[in-house]
Each structure stands twice: as C-alpha cells, then as structure tokens.
Amino acid sequence: MKTTADIRGILFDLYGTLVDIETDESLEEIYRSLSHFLTYRGIIVNRWELKDRYYRIMREQKEACPEEYPEVDVERIWQAFLAEQGLAVGPERQQLALTLAQIYRGISRKRLQLYPDVKGVLDELRPSYRLGIVSDAQPCFALPEMKALGLDGYFDPVVISTDYGYRKPDRRLYEAALQKMNLAPAEALFVGNDMYHDIYGAQRFGLHTIYFDSNQGTKSHKDVAPDYIAHLFPDVLAGVEMLAR
C-alpha cells in the first residue's frame, strides 16, 4: 500500500463505478428494429444477416488493431457496414453510422442510472480536487449518457478509450488524463470497480487506487490490492481522506 500523498486530482471510471448500467446486445429486437429502419434508407437486409455482418466487422476491426488491449469503434463498424452497401464516404454516411450506433445502444440498454449518492460525493470533492474520467467506452454513448444523468460539467478531462484505439489497463489512457491535468501520478488517485482493468492498470502507472465494490467488474486479480476499498459509493470520501494528507 502506498503512503499518503498530496492528492490534487481524482480520476474515475464511468460504467460500473459512477453509472449502474445493464445492456443486452443479444436481443433479437435490436437487429429486427435496425433492419426495419434501414429499409427507409434503401438498404434491405434481414435481421440475422445484419447481426452476422455487425459481429464480423467488429472481429475484423479487432484483429486489424496492433494494440495489446484493442478497442473497437462502433461508429466505424457501422461505417464499414454502410460502405459494403455502397454508400459513399461523406457526411450522410457518417451521420447514418452515428444514428445506427445510438439506436443499437438505445434498444440494448436495460438500465441506466447513477449509483446512490454519486452526485453528493462529487459535489463534496469538486471544490478541493480536479476530477476526470478514464473510461472504456464509446463517445457516442458515454457523452450523451453522462449528460442525461447530470454528470456533464463535473469532469475535465474525459478520456474515452475509443478515441485512442486501446482500452484499460493500457497505461497510456491514465497518462493522457494526467497530462491534460498537468499532474504527476503521485498527485492523483483512481476510483474504479474492476480489479484488473481499473486497479491493476492504474497501479502500473503509479496512481493511488480506490476500489469500488459495485455490482459489476472483476473482483480480484493476482497480486493486486487497492489502497482502499469502498463498499458503498460514499465510502470513497473516507478513502480520499485516508490517502490525501
């Protein structure tokens, strides 16, 4: 466990830490609805073919990525699908890809809410610390969902994996956030719910860590122990107090 330090910034994971979300990408309704929607854009494809092509393009995108922890880009998946349909590069294809991605997300989403007391904790921390986000996510989902939940305005920076092409535990995501905050690793701590992607990744970069034991995420990883465990989100405040002098 690290000793206490002069903490100036706190980075948070998003999903499973601040936001309690449940999605189900296996729902037939997703592909049926998208298939029907596409007929109004002149694209005829049945739901089963649409699903197969979506996952094929996703797999190809991952396989083509040279990163150790590759991230997919759902807008690029839909762009590739539309390119296969003969839709030319341009604003129309870009906007339709975004629309398809967000319809997909909207239908697959079963729950989207903040964990209890998240905003109260953030309101208490914000006057004393700079707050940022480092999340494995898609900007076309995460940014609107943060706004819908009232989280916009709390965090600067918001570092989202899709913008970089790789996921946590890649240390470069934490590095990018701290560079934007002009902070050294010893001056910041990370709050996350996944012992591998969040805690292991942050500790490899030299960050202090608080593990939020939520209803999501990997609960353990070999030889990884956080500096503090928060069983309820308000416990984060006690963890910050313990780690910051």
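Which handedness does the crossing of α1 and α4 have? The crossing is right-handed. A crossing is left-handed if the near helix is turned anticlockwise from the far one by less than a right angle, and right-handed if clockwise.

This is a predicted model, in which local features need pLDDT of at least 70 and side-chain atom pairs count only at pLDDT 80 or more, while totals for chains, interfaces and linings use all residues. Residues are numbered from 1 along each chain as its sequence is written, and side-chain values use heavy atoms, with hydrogens and water left out.

Stay with the two helices. Helix α1 covers residues 28-39 and helix α4 covers residues 91-108. Helices (H or I, at least four residues) and strands (E, at least two) are DSSP runs, numbered from the N terminus. The axes of α1 and α4 come within 9 Å and cross at roughly 145 degrees. Axes are lines fitted to C-alpha atoms, for helices over the stretch in contact, and angles run from 0 to 180 degrees between N-to-C directions. Contact means heavy atoms within 4.5 Å. On the α1 side, the residues that meet α4 include I30, L34 and F37. On the α4 side, those that meet α1 include L96, L100 and I103.

Now find the sheet. Strands of a sheet pair through backbone hydrogen bonds, either parallel or antiparallel. Here six strands form an open sheet with parallel pairing, in the order β5-β4-β1-β6-β7-β8. Two strands pair if DSSP finds at least two bridges between them. β5 and β8 (228-230) stand at the edges with a single partner strand each, so one side of each is left without a neighbour in the sheet. On average, neighbouring strands of this sheet are turned by 20 degrees against each other, direction ignored.

Strand β4 (residues 130-135) and β5 run parallel, joined by three bridges. V134 has V159 in β5 as its bridge partner. Helix α6 lies across β4 and β5, and runs at about 150 degrees to β5. Helix α7 lies across β1, β4, β5 and β6, at about 155 degrees to β4.

Next, the rings. The whole structure holds 14 aromatic pairs. Rings of Phe, Tyr and Trp (its six-membered ring) pair if their centres lie within 6.5 Å; planes under 30 degrees apart count as stacked, over 60 as edge-to-face and the rest as tilted. Take F12 and F155: their ring centres are 6.0 Å apart and their planes stand at 70 degrees, so the pair is edge-to-face. F12 is in strand β1 and F155 is in the loop between α6 and β5, 143 residues apart. Both F12 and F155 are buried (under 20% relative accessible area; exposed is over 50%, partly exposed in between; 1.4 Å probe, protein chains only). F12 and F155 also belong to one aromatic cluster with Y115, Y154, F212 and F233.

The charged end of R172 is 3.8 Å from the centre of the Y166 ring. The rule asks for NZ of Lys or CZ of Arg within 6 Å of the ring centre and within 35 degrees of the ring normal.

End at L183, in the loop between α7 and β6. Is L183 buried or exposed? L183 is buried, with a relative accessible area of 8%. Its contacts include R8, G9 and L178, not counting residues up to four places away in sequence. L183 and G9 are 174 residues apart in sequence, and their C-alpha atoms are 7.5 Å apart in space.
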